[in-house]
Amino acid sequence: LIGVEQLAFDRVLRLQFANCEGLGPQSRRGLVLEISGRHSNLLLLDESHTILECARHVTARVNRVRQSLPGETYIPPPDFGKLNPLTATAEALAARLPPTPQPLADWLRATVQGGSDLFLAAVCAPVAAATTAGLDPTQLAALSAAMGRLLDIAANAGPGYVLGLPGGKGQAYPVPVPGAQILAELPTLSAAVVAQRCRQEQEAV
């Protein structure tokens with residue numbers, strides 16, 4: 001295993017492997033996991049992103065836009081026109097403001113790719129607004145900066161947190177989030193993921 005990548009902030013994970021099938025250290029294979037409920041799939045790709053095999057064969061009769069079959073080039077799921085949070089500038093957000101007021105978190109979820117509840121809570125915290133009504137350039141710039149800051153923290157080594165959420169659930173996250181109780185602070189996000197997993201197993205006993 002030489003690489004792990006989340007694609008386009010979607011529920012898609014790609015694992016990259018080397019030295020595959022006895023073809024030498026320069027050979028590559030990709031294993032893509034698409035986590036999308038009953039449409040989830042697992043696909044094995046070669047170096048040119050051609051599908052070698054997949055758990056679910058999706059034909060043109062099922063999906064006219066994106067087929068998942070051996071021999072087809074892999075196409076990631078569509079982004080449905082959502083903004084990449086890494087490049088969602090204040091100007092790009094302003095262009096997506098709705099004509100009628102909407103709750104701020106709901107609008108961001110529909111506008112930006114990969115907007116989980118925790119992500120939205122952390123991003124909206126610096127902006128003193130509950131809805132999109134009257135958002136000014138300064139507030140939009142704060143939203144854009146908050147997204148960039150959170151993603152920068154997540155991409156770099158740093159502490160991780162196990163957060164307590166409503167309903168008794170917990171989740172590992174790279175930053176504290178307003179409204180979520182800090183159950184534990186660990187040296188890395190990976191350690192927080194392991195701690196949260198152990199917590200889940202203990203609660204299940």
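Predicted model: local features only at pLDDT ≥ 70, side-chain atom pairs only at ≥ 80, totals over all residues.
**Exercise 1. Another pair in helix 5**

Solution. 
Step 1. Arg-199 and Glu-203 both sit in helix 5, four residues apart. That spacing is about one turn of the helix.
Step 2. Buried means under 20% and exposed means over 50%.
Step 3. Turn to a network elsewhere. Salt bridges with shared partners link Asp-106, Arg-109 and Asp-117 into one network.

**Exercise 2. A bridge within the network**

Task: Describe the salt bridge between Asp-117 and Arg-109, and decide how exposed each residue is.

Solution. 
Step 1. The side chains of Asp-117 and Arg-109 meet at 2.4 Å, N to O.
Step 2. Asp-117 counts as exposed because its relative accessibility is 57%. Arg-109 counts as partly exposed because its value is 30%.
Step 3. The structure holds seven salt bridges.

**Exercise 3. Helix 3 against helix 4**

Task: Describe the packing of helix 3 and helix 4, then list the contact residues.

Solution. 
Step 1. Two packed helices are described by the angle between their axes and the distance between the axes.
Step 2. Helix 3 covers residues 117-124 and helix 4 covers residues 137-155. They pack at about 125°, with axes 8 Å apart. Helix 3 is therefore oblique to helix 4.
Step 3. The crossing of helix 3 past helix 4 is right-handed.
Step 4. Helix 3 contributes Phe-119, Ala-122, Val-123 and Cys-124 to the contact. Helix 4 contributes Leu-143, Ala-146, Met-147, Leu-150 and Leu-151.
Step 5. Sort by class. The contact of helix 3 with helix 4 has nine nonpolar residues, no polar and no charged ones.

**Exercise 4. Helix 2 against helix 3**

Task: Describe how helix 2 and helix 3 cross, and sort their contact residues by class.

Solution. 
Step 1. Helix 2 covers residues 104-111. The axes of helix 2 and helix 3 come within 10 Å and cross at roughly 120°. The two helices are therefore oblique to each other.
Step 2. Helix 2 and helix 3 make a right-handed crossing.
Step 3. The contact uses Leu-104, Ala-105, Leu-108 and Arg-109 of helix 2. From helix 3 come Asp-117, Leu-120, Val-123 and Cys-124.
Step 4. By class, this contact has six nonpolar, no polar and two charged residues.

**Exercise 5. Ser-144**

Task: Classify Ser-144 as buried or exposed, and name the residues that Ser-144 touches.

Solution. 
Step 1. Ser-144 lies in helix 4.
Step 2. Its relative accessibility is 18%, so Ser-144 counts as buried.
Step 3. Leave out residues up to four places away in sequence. Ser-144 then touches Ala-88, Thr-89, Ala-90 and Leu-93.
Step 4. Take Thr-89. Ser-144 and Thr-89 are 55 residues apart in sequence, yet 5.5 Å apart in space, C-alpha to C-alpha.

Conventions: Residues numbered from 1 in each chain as written. Heavy atoms only, no water. Salt bridge = Lys/Arg side-chain N within 4 Å of Asp/Glu carboxyl O. Buried < 20%, exposed > 50% of the residue type's maximum accessible area, 1.4 Å probe, protein only. Axes fitted to C-alpha atoms, helices over the stretch in contact; angles between N-to-C directions. Parallel < 35°, antiparallel > 145°, perpendicular 65-115°, else oblique. Left-handed = near helix turned anticlockwise from the far one by under 90°. Contact = heavy atoms within 4.5 Å. Nonpolar A, V, L, I, M, F, W, Y, C, P; charged D, E, K, R; others polar.
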